[in-house]
Amino acid sequence: MLDEAAAFERAGSVEPDKSLAGKTVANLFFENSTRTLRSFEIAAARLGLRNLSFSAAGSSTAKGESLIDTAKTIVAMGVDAIVVRHGCAGSAQLLARELDIPVINAGSGRHAHPTQGLIDLYTIRKHLETLDGLHVVIVGDIRNSRVARSALGGLAKFDNSFSLVGPPTLVPRSFARHRTVILPSLERALPDADVFMMLRVQRERIAGNAVSSVEEYAHRYCLTPERLALCKPEVIVMHPGPFNRGIEISPDVADGPRSVILDQVAAGVPVRMAVLRRALAG
Ligand code: CP
């Protein structure tokens, strides 16, 4: 999949093979998105596919129509694949069981964001020229993060080790396993990191008092230039976006030379082209 995406990236705006031209992809987004939805749309257009973008706002879901009924309704109009983002874990699997066409998960609750996971692997491989032997530090709301789960799932298939950093309420001890340690402070993680994956403080998913205050979170866990100066010079800094400047990542780091955040965004198009082609080419 990563090699296919790299071939699409090398081809750039050169017209790719249009063997899928004329097929229709429906993007069913029940949660907000900038990167995922738009890059799926651009990826589909580059493959010559027709896009049907559906958002829950303004649809009949407001009248109580279920996810399955909504999806079946869209499929009945003659679409060839569905891309779905939904707040419930398992929503994409549920649709895949109910529908006879390919279903691509564009983010399901706290559970999985597999195309973001592929993007993260793609970006690491592009910058560090390997997916093996890396120490990856993931910082933040790991408990609620589908991005972290998908990245860990992908990177653990290779010979990597991990440090998970964040408040105990957001980094459950049950995440510790072979080659994965939980560290109480960001300082302990700095010297060994090859890759930082900073996670967004998800105000919409943090129920109750998971963090005492955003200011204290920033004080303890924000990746600042001072902290980055204590890392290896070749370390890369990732964030799936959208990010909170000055909370989990300082503006100077987000916009600085070690940041690959916009490269992750750019990788969204070729990676999702590869995913769409794999799904639709049968
Ligand atoms: N990374 C990501 O999924 O971003 P969006 O929510 O903007 O799609």
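Helices (H or I, at least four residues) and strands (E, at least two) are here DSSP runs, numbered from the N terminus. By that assignment Ala 148 belongs to helix H6, which covers residues 146-155. The model is a predicted one, in which local features need pLDDT of at least 70 and side-chain atom pairs count only at pLDDT 80 or more, while totals for chains, interfaces and linings use all residues. Residues are numbered from 1 along each chain as its sequence is written, and side-chain values use heavy atoms, with hydrogens and water left out.

**The chain as a whole**

The protein chain holds 11 helices and 9 strands. Its radius of gyration (taken over C-alpha atoms) is 19 Å, close to the 19 Å that the globule rule gives for 282 residues, so the chain is as compact as a globular protein of that length; the rule itself is 2.2 Å times the number of residues to the power 0.38. The C-alpha trace spans about 55 × 45 × 35 Å along its principal axes. Buried residues (under 20% relative accessible area, with exposed meaning over 50% and partly exposed in between, for a 1.4 Å probe and protein chains only) make up 53% of the 282 residues. Of the contacts (heavy atoms within 4.5 Å) between residues at least 6 apart in sequence, 72% join residues at least 24 apart. The accessible surface, from the Shrake-Rupley method with a 1.4 Å probe, comes to about 12,900 Å², and 52% of it belongs to carbon and sulfur atoms.

**Two covered strands**

Strand S1 (residues 24-29) is mostly covered, with 6 of its 6 residues buried. Thr 24, Ala 26 and Leu 28 lie on one side of S1 and Val 25, Asn 27 and Phe 29 on the other, and both faces are covered. S1 pairs with strand S2 (residues 50-55) in the parallel sense over 6 bridges, where pairing requires that DSSP find at least two bridges between the strands. Within this pair, Val 25 stands opposite Asn 51 in S2.

Strand S6 (residues 161-165) is likewise mostly covered, as 5 of its 5 residues are buried. Ser 161, Ser 163 and Val 165 point one way from S6, whereas Phe 162 and Leu 164 point the other way. Strand S5 (residues 135-139) runs parallel to S6 and is joined to it by 5 bridges, with Val 136 opposite Phe 162.

| Residue | Location | Relative accessibility |
|---|---|---|
| Thr 70 | helix H3 (residues 67-76) | 3% |
| Ala 148 | helix H6 (residues 146-155) | 1% |
| Leu 199 | loop between strand S8 (195-198) and helix H8 (214-221) | 4% |

Leaving aside residues up to four places away in sequence, Thr 70 touches Phe 30, Phe 54, Thr 61 and Glu 65. With its neighbours within four places in sequence likewise left out, Ala 148 is in contact with Ile 138, Ile 142 and Leu 199. Ala 148 and Phe 29 are 119 residues apart in sequence and, C-alpha to C-alpha, 20 Å apart in space.

Leu 199, not counting residues up to four places away in sequence, has contacts that include Ile 138, Val 139, Ile 142, Ala 148, Tyr 217, His 239 and Glu 248. Leu 199 and His 127 are separated by 72 residues in sequence and by 20 Å in space, C-alpha to C-alpha.
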